[in-house]
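Here are a few exercises to work through with the model open beside you. Try each one before reading its solution.

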Amino acid sequence: MIKPIESQKDDGIDDDTSEYQWCLHCERAYKRGEHRLIDGLMMCPYKGCDGDTVMDGWSWPSVRENHPDYPEVPEKGKTYPLYS
Ligand SMILES: [Zn+2]
């Protein structure tokens with residue numbers, strides 16, 4: 001799917017305004033601030049995931065822009081594929 005240009009500014013950019021973040025690696029959402037501290041890095045809170053919360057943590061609303069069917073409050077532990 002090709003995304004419209006006007007929405008590009010929001011793609012993957014965490015604007016710090018949402019309460020939830022979504023992990024690019026495991027495609028699960030978590031509450032902002034949740035993480036596992038590994039070697040001084042803030043990693044995705046889900047066990048076994050190698051994503052971090054900085055580069056790989058997208059703001060939940062930017063994911064929902066492409067998926068209006070996703071809930072405002074994401075379910076913990078549930079995967080929300082970006083492309084489906
Ligand atoms: Zn993850």
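**Exercise 1.** In which segment does Gly77 lie? Then work out its surroundings.

Start with the ground rules. This is a predicted model, where local features need pLDDT of at least 70, side-chain atom pairs count only at pLDDT 80 or more, and totals for chains, interfaces and linings use all residues. Residues are numbered from 1 along each chain as its sequence is written.

Step 1: Gly77 sits in the segment after helix H1 (60-66). Helices here are DSSP runs of H or I with at least four residues, strands are runs of E with at least two, and both are numbered from the N terminus.

Step 2: count neighbours. A residue is buried if 20 or more other C-beta atoms (placed from the backbone) lie within 10 Å of its own, exposed if 12 or fewer, and partly exposed in between. Gly77 has 10 other C-beta atoms within 10 Å, so Gly77 is exposed.

Step 3: look across the chain. Glu27 is 50 residues away from Gly77 along the sequence, and their C-alpha atoms are separated by 9.3 Å.

**Exercise 2.** Where does Glu27 sit, and what is its phi?

Step 1: strands S1 and S2 form a hairpin, with 5 residues between them.

Step 2: Glu27 is in that turn, and its phi is positive, about 60 degrees.

**Exercise 3.** In what order do the strands of the open sheet run?

Step 1: take the S2 side. S1 (residues 20-23) pairs with S2 (residues 29-31) in the antiparallel sense over 3 bridges; two strands pair if DSSP finds at least two bridges between them. Gln21 stands opposite Tyr30 there.

Step 2: take the S5 side. S1 and S5 (residues 57-59) also pair antiparallel, over 3 bridges. Trp22 has Trp58 as its bridge partner, and Gln21 has Ser59.

Step 3: The 3 strands give the order S2-S1-S5, with antiparallel pairing. S2 and S5 are at the edges with a single partner strand each, so one side of each is left without a neighbour in the sheet.

**Exercise 4.** Which residues of S1 are buried on each side?

Step 1: recall the rule. In a regular strand, side chains alternate between the two faces of the sheet.

Step 2: apply it. Tyr20 and Trp22 are buried on one side, Gln21 and Cys23 on the other, and both faces of S1 are covered.

Step 3: zoom out. Of the chain's 84 residues, 23% count as buried.

**Exercise 5.** What pattern does the chain follow along the sequence?

Step 1: tally 1 helix and 5 strands.

Step 2: read them in order, and you get β-β-β-β-β-α.
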